[in-house]
Amino acid sequence: MKFFLDTASINEITSLNKTGMVDGITTNPSLVAKTGQSFLDIIADICKIIDGPVSAEVAATDANNMIKEGHKLASISDNVAVKVPLTADGLIACKALSDAGTMVNVTLCFSAAQAILAAKAGATFVSPFIGRLDDLGQDGLGLISEIHTIFSNYPEINTQILVASARSPRHVVESAKIGADIVTIPPSTLRQLFNHPLTDTGLKAFMSDWEISGQTIL
Ligand code: E4P
């Protein structure tokens, strides 16, 4: 399973990239707004740090302008994935950009029916938002399972399931059990994945016993 980091913070990306766990980045207009910096500059800077896909979202809502914006975003770097919303216009833009050889991430997917449409439009990635469904008392992971079953029925579908709005290690583990291709997580959730209290206490005990033994390795 691939891990994308869901942030536009250059500091966080630089820091967590050193773990070797970051396969790509997703941004959205809200995450970019938090930085207070120029969108185009941020995407260019992220692409200098990360080799994998970097999602950059269009701002237009009509297909023609989404396509124009998509071409501009894609011209920043070969690893830009243009993010378009799951609307009728978004899917027209997805098809046009995909046909032109650009990676496209269809975002704001909340149903299996929408995921099927994204696949038919040639999306590279479809992003079902599980946390936002959970917030409404619906079953986000159930949606991932449903989409995975459907896509598995059609070997010709190349669209990758990018689990979005994932907010906990449990979301990551359950998505992996289902077989999702990618999960995008905030920096805080990636850090949480490393931690277990028994690892901390176990290491402390080992280090203490090692010191008592008086030995060295180097
Ligand atoms: C992914 O592409 C989205 O930017 C993100 O996962 C949304 O997460 P949120 O629902 O926690 O804002």
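Good morning. I begin inside the sheet, where Val126 stands opposite Ile161 in strand S7. Strands here are DSSP runs of type E with at least two residues, and helices are runs of type H or I with at least four, each numbered from the N terminus.

A word on the basis of this talk. The model is predicted, so local features need pLDDT of at least 70 and side-chain atom pairs count only at pLDDT 80 or more, while totals for chains, interfaces and linings use all residues. Residues are numbered from 1 along each chain as its sequence is written, and side-chain values use heavy atoms, with hydrogens and water left out.

Let me return to the strands. Two strands pair if DSSP finds at least two bridges between them. Strand S6 (residues 125-128) pairs with S7 in the parallel sense over two bridges. S7 (residues 160-163) is in turn joined to S8 by two bridges, again in parallel, and Leu162 has Ile182 as its bridge partner in S8. Strand S1 (residues 2-6) also runs parallel to S8, with four bridges between them; there, Phe3 stands opposite Val183.

Which way do the residues of S8 (residues 182-185) point? Ile182 and Thr184 point one way, Val183 and Ile185 the other, and all are buried. Buried means under 20% relative accessible area, exposed means over 50%, and partly exposed lies in between, using a 1.4 Å probe and protein chains only.

Polar side-chain atoms of Asn28 and of Ser165 each lie 2.6 Å from an oxygen atom of the ligand. The protein buries 85% of the 340 Å² that the ligand exposes when taken alone. Such areas come from the Shrake-Rupley method with a 1.4 Å probe; for residues, only the protein chains shown count as cover.

Met207 lies in helix H11 (residues 197-213) and is partly exposed, with a relative accessible area of 46%. Leu203, Phe206, Met207, Trp210, Ile217 and Leu218 form a nonpolar patch with about 790 Å² of accessible area together. Patch residues have over 30% relative accessible area and no salt bridge; like charges are joined within 9 Å, and nonpolar side chains (Val, Leu, Ile, Met, Phe, Trp, Tyr) within 5 Å. A salt bridge places a side-chain nitrogen of Lys or Arg within 4 Å of a carboxyl oxygen of Asp or Glu. Thank you.

Technical notes: Polar contact = N/O pair within 3.5 Å; in protein donor to acceptor, adjacent residues only side chain to side chain.
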